[in-house]
Amino acid sequence: MKMPGVGPARAVGGAHRAPGMAVASGGMHLMPSWLALVFTFALVVVVIAHFRHLVDAPGESRLWHAGHVLMGLGMVVMFAPAAVDHIPIPALVWQLLFANAAGAVLALLLFRTLEGRATNLLWLAAAADLAAMVYMWLGQILPVLSWVLVGYSLAGCVFWLVGADRHVDGRPLAGRAGGRVASLVCGADVRASLATMTFAMAYMFAAMELAR
């Protein structure tokens, strides 16, 4: 399957090849195999970390981690070199998965807001990240939006690296002012994993544009 925006001469093997796995103009490889393997390994670790919390975490936190397991798997497939990725999953499948997941989170936020129930602010970031994954699997569409997402992803990386979530996690999006909601972040490994994934997202969005 050829991803949108990648010409036939630039596509790299594999049934799901992503735009970022292309060769930029001038013959410069934006994603050499060794770097793709590094990203793939790091993202597998991300998936394992969130899956562990998905199993152990209570209630709402479990759903939050499930969303990040899905994002991590989508990123693994994006970065995995064709030599080690032999599962031909069509891009449309990933687009629908992430679109439905983002829609479910937005519906949750809307219903809880209308009911006046408090919702953790970190769900907003989860919805935005899932929507960004839809855009990533669509391929190049709007260069300006792609670079906005590069900046957004890098900002997210810094956010998790410096532990800024401590000022957000537990704060309500809706409900009584000054109220608190259940925390979603379970530990430092979650921050490290999300910093890794958001950096990988920034790299992929940049690679998609530079490979034009």
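Colleague: How many residues of the contact of H5 with H6 are nonpolar?
Modeller: Ala, Val, Leu, Ile, Met, Phe, Trp, Tyr, Cys and Pro count as nonpolar, Asp, Glu, Lys and Arg as charged, and the others, Gly among them, as polar. The contact of H5 with H6 has 2 charged and 4 polar residues, and the number of nonpolar ones is 16.

Colleague: What kind of model is this?
Modeller: Residues are numbered from 1 along each chain as its sequence is written, and side-chain values use heavy atoms, with hydrogens and water left out. Local features need pLDDT of at least 70, side-chain atom pairs count only at pLDDT 80 or more, and totals for chains, interfaces and linings use all residues; the model is predicted.

Colleague: How are H5 and H6 directed, roughly parallel or roughly antiparallel?
Modeller: Axes are lines fitted to C-alpha atoms, for helices over the stretch in contact, and angles run from 0 to 180 degrees between N-to-C directions. Angles under 35 degrees count as roughly parallel, over 145 as roughly antiparallel, 65 to 115 as roughly perpendicular and the rest as oblique. The axes of H5 (residues 143–161) and H6 (residues 188–210) come within 8 Å and cross at roughly 160 degrees. The two helices are therefore roughly antiparallel.

Colleague: Is the crossing of H5 and H6 left-handed or right-handed?
Modeller: A crossing is left-handed if the near helix is turned anticlockwise from the far one by less than a right angle, and right-handed if clockwise. For H5 and H6 the crossing is left-handed.

Colleague: In what order do the elements of the protein run from the N terminus on?
Modeller: The protein has 6 helices and 0 strands. From the N terminus on, its elements run α-α-α-α-α-α.

Colleague: How are H2 and H3 directed, roughly parallel or roughly antiparallel?
Modeller: The axes of H2 and H3 come within 11 Å and cross at roughly 155 degrees. This makes the pair roughly antiparallel.

Colleague: Which residues of H3 make the contact with H2?
Modeller: H2 passes H3 in a left-handed crossing. On the H2 side, the contact is made by Glu60, Leu70, Met71, Leu73, Gly74 and Val77. On the H3 side, the residues are Trp94, Leu97, Phe98, Ala101 and Arg112.

Colleague: How are H2 and H4 directed, roughly parallel or roughly antiparallel?
Modeller: H2 and H4 pack with their axes 11 Å apart, at an angle of about 25 degrees. That angle makes them roughly parallel.

Colleague: How many nonpolar residues does the contact of H2 with H4 have?
Modeller: The crossing of H2 and H4 is left-handed. Residues from H2 in the contact include Trp64 and Met75, while those from H4 include Met136 and Trp137. By class there are 2 polar and 2 charged residues, and the nonpolar count is 13.

Colleague: Which residues touch the most other members of the largest nonpolar core?
Modeller: Buried means under 20% relative accessible area, exposed over 50%, and partly exposed in between (1.4 Å probe, protein chains only). A nonpolar core is a set of buried Ala, Val, Leu, Ile, Met, Phe, Trp, Tyr and Cys residues joined through side-chain atoms within 4.5 Å. Of the 52 residues in the largest one, those touching the most other members are Trp64, Met75, Phe79, Phe98, Met136 and Phe205.

Colleague: Which helices each supply at least two residues of this core?
Modeller: H1 covers 33–56, H2 covers 59–79 and H3 covers 91–115. Each of these supplies at least two core residues, as does each of H4, H5 and H6.

Colleague: Is Trp137 buried or exposed?
Modeller: Trp137 lies in H4 (residues 122–138), and Phe98 touches this residue. Because its relative accessibility is 0%, Trp137 counts as buried.

Colleague: Which residues does His68 touch, not counting those up to four places away in sequence?
Modeller: His68 is found in H2 and, at 3% relative accessibility, counts as buried. His50, in H1, is buried too, with a relative accessible area of 0%. Outside that sequence range, His68 touches His50, Leu194 and Met197.

Definitions and conventions: Helix = DSSP H or I, 4+ residues; strand = E, 2+ residues; numbered from the N terminus. Contact = heavy atoms within 4.5 Å.
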